[in-house]
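Subject: Structure handover

Hello,

Here is the structure you asked about, with its sequence. My notes on it follow below.

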Amino acid sequence: MGLLGNELAFAHALTAQERESVMALGNRKRYPADAHLLTEGDRSSHVVIILQGWVTVSVATDRGAAGLILGLRGPGELLGEMAALDPHPRSATVRALGPIEAQVITGDAFRRFLALHPRVSGLVIRQLTFRLRSADQERSALASLTVLQRLASRLTELSGAEPSGPYTPSGAGPSTGLSPAGPVVQLAQDELAATIGATREAVAKALRLLRDQNIVRTGNRMVEILDPALLALLAEGHQE
């Protein structure tokens with residue numbers, strides 16, 4: 001399973017000259033927390049490049065307002081490219097996890113730039129291919145893994161995220177009245193549920209099992225990983 005992009009972010013893969021040229025195509029815009037940068041079903045065609053902050057990429061489901069979170073994207077990530085390259089409505093919603101700065105580029109300008117810069121066009125194709133493979137892995141996990149396995153896998157992935165992301169390393173957790181000794185994932189239970197395609201109730205039950213085994217500790221919008229090795233074993237299907 002993979003929620004975070006494991007390849008080099010689009011803007012970071014550009015040469016200095018390419019990056020300057022791409023950024024010159026658009027304008028910098030600031031978004032408040034929870035703002036929609038892109039909306040599922042919308043027929044706009046602009047693309048955004050995240051400069052600062054993190055966003056969720058989600059699709060609507062019948063499970064509630066949170067939908068299904070397909071990915072978390074951070075600085076350097078390109079978003080909205082599919083709607084810029086074809087005439088179909090947007091396939092997902094991009095929501096700011098906190099205050100965001102992004103470069104906004106019109107679809108027409110982005111398409112013209114790609115036509116003149118085949119190497120950059122290749123980077124976009126590579127990104128689309130990587131995300132398609134990741135989506136295939138997620139669908140396989142939904143069909144074959146239990147909620148506990150999917151949650152353990154997601155927590156293992158997110159607890160290893162870079163410190164500058166929406167997660168914190170050991171000892172740097174949010175102010176919750178706890179003193180974190182292990183990595184901390186800063187997501188609420190309904191958000192965690194949305195990242196693995198499960199109900200909030202099912203995730204709450206799985207977290208209780210993990211707490212009972214002293215594998216995690218939970219607080220307000222946080223899960224602290226106390227035993228990363230055992231959590232990884234559970235993600236692989238091993239039982240206590």
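The largest nonpolar core has 24 residues, and those that touch the most other members are Leu151, Leu155, Val203, Leu207, Leu210 and Val216. At least two residues of this core come from each of H6, H7, helix H8 (200-212), strand E12 (222-225) and helix H9 (228-235). Please keep in mind that this is a predicted model.

Setting aside its neighbours within four places in sequence, leucine 151 is in contact with Leu192, Ile196, Val203, Ala206, Leu207 and Leu210. Another core lies apart from the largest one. That other core has 19 residues, among them Ala11, Leu14, Met23 and Ala109.

Next, the packing of two helices. Helix H6 covers residues 147-159 and helix H7 covers residues 189-196; their axes are 10 Å apart, and the two pack at an angle of about 105 degrees. H6 is therefore roughly perpendicular to H7. On the H6 side, the contact is made by Val147, Arg150, Leu151, Arg154 and Leu155, and on the H7 side by Leu192, Thr195 and Ile196. Sorted by class, the contact of H6 with H7 has 5 nonpolar residues, 1 polar and 2 charged.

The partner of E1 is strand E8 (residues 100-105), and the two pair in the antiparallel sense over 5 bridges. In one of these, tyrosine 31 has isoleucine 100 of E8 as its bridge partner.

Last, some totals for the chain. The chain contains 9 helices and 12 strands. Of its 240 residues, 46% are buried. Taking contacts between residues at least 6 apart in sequence, 73% join residues at least 24 apart.

Regards

Methods:
Residues are numbered from 1 along each chain as its sequence is written. This is a predicted model: local features need pLDDT of at least 70, side-chain atom pairs count only at pLDDT 80 or more; totals for chains, interfaces and linings use all residues. Side-chain values use heavy atoms; hydrogens and water are left out. Axes are lines fitted to C-alpha atoms, for helices over the stretch in contact, and angles run from 0 to 180 degrees between N-to-C directions. Helices (H or I, at least four residues) and strands (E, at least two) are DSSP runs, numbered from the N terminus. Angles under 35 degrees count as roughly parallel, over 145 as roughly antiparallel, 65 to 115 as roughly perpendicular and the rest as oblique. Contact means heavy atoms within 4.5 Å. Ala, Val, Leu, Ile, Met, Phe, Trp, Tyr, Cys and Pro count as nonpolar, Asp, Glu, Lys and Arg as charged, and the others, Gly among them, as polar. Two strands pair if DSSP finds at least two bridges between them. A nonpolar core is a set of buried Ala, Val, Leu, Ile, Met, Phe, Trp, Tyr and Cys residues joined through side-chain atoms within 4.5 Å. Buried means under 20% relative accessible area, exposed over 50%, partly exposed in between (1.4 Å probe, protein chains only).
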